[in-house]
Amino acid sequence: MSRLEIEGLCKGWDFPVIDRLDLTVEEGEFFVIVGPSGIGKTTLLRLVAGLERPDAGRIKVGGRDLTDLPPYRRKVAMTFESYALYPHLTVFENIASPLRARRLPKSRITETVVSVAQLLRIEQLLSRRPGEISGGQKQRTALGRTLVAQPDVFLLDEPISHLDAKIRHELRLQFHTLEELRKVATLYVTHDYAEALSLGDRIGVMGAGGLLQVGTAREIFQQPQHLFVAQHLGQPSINVVPAALSSVDGALQFAAEGAELKLPVAEPHGQALAGRSSERITVGIRPQHVKVIRDGEVTTDTTGGAAVVDATVAIYEALGANGILVAETGGVRLTALTAPDAVFQHGEAVRLALRNDAFLYFDAASGRNVMVA
Ligand SMILES: Nc1ncnc2c1ncn2[C@@H]1O[C@H](COP(=O)(O)OP(=O)(O)OP(=O)(O)O)[C@@H](O)[C@H]1O
Ligand SMILES: [Mg+2]
């Protein structure tokens, strides 16, 4: 049994970092934590590993209270952002160190080390020392050492962040099927939102003090409870438009603050927002819900309840598989995701079809999603 339970965890120094955090990670669950730099992600893992003492709260694994146990008695394996490799040992011996500690037979150790090194594409480096390999290779060595440890809980702190995009994607796919990881509870920290959405059975978005929202990739992305969560997940980032609601001839609309842009509120949101007419509101518009239309182009998208506005291209980036376009409309800049075959010129006149039935609305003061009760 390796269910991880964190109850009322608090930790701070001269300021609070983690404040009454509660979290349960089930046995076999891959739980991903995302959040901005300096918010407390590493601190949380270090508390679970026993490298920091909590100010309050309990940490249990499989019902066993670990809070007062030293790190080596916790059966928890952690990769560190700084790798923490033994400089005098070879890559082989670094990876083998948890196996040696368990006094496994020599042949078992070799077999395990070689197989994990193959998985991580570092089998040709096994006789080198950390001083003779690159940063990305060190990171994979540290990950290898963690993966062979057979702990009750895996704590992985940005374990593949320093690898190139291709290897990162390869390893991300491996993580989906790696049996070691799928047997126990795993807490995985990343900055990469695609990695989080891809890997997490559930994802926790960390803000000041603790987790702002916990849910599946779909829940977190489509129903962010907080503006902070919406801004943290998605590439390019969600468009954020501060606005004021008003009722015009019985129909709800919003006007962007300090700009001319006015848009109707679509039906699914009308009821929830009706009680807020004349209030300030923050509108979230995902770039994939902004469709760019050229003059004269006929679009079927507008039939899906989209509002169409005139716009001017401010910036266009061609990124191969798609493009990112920043357009100005009524004094507001909106980012759109465009198709690969379309190329746009700076200053070009276009129209934007805005899928207002997919907009998100957040309370201007608290940042809470007003559509999620
Ligand atoms: N030993 C310490 N003494 C004092 N403050 C600390 C200590 N360790 C961490 N902190 C502070 O706690 C906060 C959280 O740090 P932490 O390393 O957990 O952030 P993080 O979310 O992992 O950030 P990053 O994404 O940059 O790795 C930071 O403000 C950091 O300066
Ligand atoms: Mg960190």
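These questions and answers walk through a predicted model, from its sheet to its domains and its ligand.

Me: In what order do the strands of the 4-stranded open sheet stand?
Reply: The sheet is open and has 4 strands.

Me: How many bridges link β1 and β4?
Reply: Strand β1 spans residues 4–12, and strand β4 spans residues 56–61. Cys10 stands opposite Ala56 in β4. Leu4 stands opposite Val61, also in β4. The two strands pair in the antiparallel sense, and the number of bridges is 5.

Me: Which residue in β2 is the bridge partner of Gly12?
Reply: β1 also pairs with β2, in the antiparallel sense, over 6 bridges. A hairpin of 3 residues joins β1 to β2. In β2, the partner of Gly12 is Pro16.

Me: How far apart are the C-alpha centres of domain 1 and domain 2?
Reply: The chain is divided into two parts: domain 1 runs over 4–232, and domain 2 over 239–363. Between their C-alpha centres, the distance is 39 Å.

Me: How many residues of domain 1 touch domain 2, and of which classes are they?
Reply: The contact involves 4 residues of domain 1 and 5 residues of domain 2. On the domain 1 side, no charged residue takes part. The classes there are 3 nonpolar and 1 polar.

Me: Which helix gives the most residues to the shell around ligand 1?
Reply: The residues around ligand 1 include Trp13, Val17, Gly35 and Glu81. Lys41, Thr42 and Thr43 are also among them. One helix, covering residues 41–49, gives 3 residues to the shell. That helix is α1.

Me: How many residues around ligand 1 are nonpolar, polar and charged?
Reply: Gly counts as polar here. Gly35, Gly38 and Gly40 are among the residues around ligand 1. By class, the shell has 3 nonpolar, 6 polar and 2 charged residues.

Notes. Residues are numbered from 1 along each chain as its sequence is written. Chains are lettered from A and ligands numbered from 1 in the order in which they are written. This is a predicted model: local features need pLDDT of at least 70, side-chain atom pairs count only at pLDDT 80 or more; totals for chains, interfaces and linings use all residues. Two strands pair if DSSP finds at least two bridges between them. Domain bounds come from an automatic or database domain assignment. Two residues are in contact if their C-beta atoms, placed from the backbone, lie within 7 Å. A residue is near a molecule or strand if its C-beta atom, placed from the backbone, lies within 6 Å of it.
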